[in-house]
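Dear colleague,

Here is the structure I said I would pass on.

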Amino acid sequence: MSLIFLFTISLHFHSLQIHGLPIAPALYVFGDSLFDSGNNNFLPTVCKADYLPYGVNFVKGVTGRFTNGRTVADFIAEFLELPYPPPYMSIRGSNTALKGLNYASGSCGILPETGSQFGKCLNLKDQIDLFQRTVKSDLPGQFQNPHDLLHYLSKSIFLFSIGSNDFINNYLYIKAFDTSQRYSPQQFAQLLMDALANHLERMYNLGARKIVTFEIGPLGCIPSIAKTHNHSGNCVEDTNVLATIFNENLRVTLANLTNTFQGSFFVLGRANWIGYDAITSPVKYGLIDGSNPCCTTWADGTSESIPLLAPCLEPNNYFFWDAFHLTESVSSVIATGCFNGSTVCTPLNIKQLVEM
């Protein structure tokens, strides 16, 4: 099915305030710059997207999203008929939290040191600490009793997209870290997975029951890597192997968590295969370019967008917005597949998950 077709059918979800009752009480979002909706605007870091052309196609303009428009999390919020979860760092007061919050932070990862070379970001522990504050301090006043709060949390949807930066900004960032000398790819993936499993168990203990965790994408295909390494084809396949190892461990871990924790549903978001397929066969998805950024970036297409320079005229024809991040149209395809389809999110799509 064409990427452009899938993108078009989702355009009617264009307003910030969706009319009608939401089909889930709240959406809580965790992760890195693929999901960050503006938290890094409030942190002392060089990793920010608070300038044009970021947000050039977004209804609210520049917000701190690392793309031209909506993220996967934004589309899923629309499908759930919820408002976009605001960045946690921007909110004041408990009422804002009731329909969900976004804790994601660009450049950060699962390990606390990942991304630290660029300034302060919210690593996964930080994000769950903030969610714990939400559950313990902000939300209780909105419910008559603890049972109602737990019921609300059990019906809410929790999205995670995390782990890419532990490779890009840690394992492969040999100027600042020696992890690639200390750990084999398998050992490093296991280190990440052990930490991630502990964090997801903590989410369960805080009341989360319906958790969707996306794979990391094909790292060897992103322009920041593909354009700076010698290779044949579209991607650095040796680097893609790192993502494959992580993602296979993730699949097993999520299945084990579902079997271990009563009443839980840990869903795998299979974003890697569809990303690789669209990058290597862009015409199949209605794209023209699966390799180059839409916007003008520093270092000849291998970094973030240069402020205020006009991007390409047709972002929907491109897979990549800058050297790291997706265009809105690609996010639409992933979100649509995860919400309604059978090939992206497994063993349940989000529509099925809501009904459980």
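In this predicted model, helix α7 meets helix α9 through P185, Q186, A189, Q190, L192, M193, L196, A197 and L200 on the α7 side and L242, I245, F246, N249, L250, T253, L254 and L257 on the α9 side. By class, this contact has 13 nonpolar, four polar and no charged residues. The axes of α7 (residues 185-205) and α9 (residues 237-260) come within 9 Å and cross at roughly 35°, and the crossing is right-handed.

- C108 and C121 are joined with an S to S distance of 2.0 Å. The torsion about their S-S bond is about 80°, so this disulfide is right-handed. Both residues sit in the loop between α2 and α3, 13 residues apart in sequence, and both are buried.
- C221 and C235 are also joined, S to S 2.0 Å, and with 100° about the S-S bond this link is right-handed. C221 lies in the loop between β3 and α8, C235 in the loop between α8 and α9. C221 has a relative accessible area of 2%, and C235 has 2%.
- C338 and C345 have their sulfur atoms 2.0 Å apart. With -90° about the S-S bond, this link is left-handed; both cysteines are buried.

C47 is in no disulfide, and its nearest cysteine sulfur, that of C121, is 7.5 Å away. C47 is buried, at 13% relative accessible area. C295 is likewise in no disulfide, with the sulfur of C294 nearest at 6.3 Å; C295 is buried at 4%.

Regards

Key: Residues numbered from 1 in each chain as written. Predicted model: local features only at pLDDT ≥ 70, side-chain atom pairs only at ≥ 80, totals over all residues. Heavy atoms only, no water. Axes fitted to C-alpha atoms, helices over the stretch in contact; angles between N-to-C directions. Helix = DSSP H or I, 4+ residues; strand = E, 2+ residues; numbered from the N terminus. Left-handed = near helix turned anticlockwise from the far one by under 90°. Contact = heavy atoms within 4.5 Å. Nonpolar A, V, L, I, M, F, W, Y, C, P; charged D, E, K, R; others polar. Disulfide = S-S within 2.5 Å. Buried < 20%, exposed > 50% of the residue type's maximum accessible area, 1.4 Å probe, protein only.
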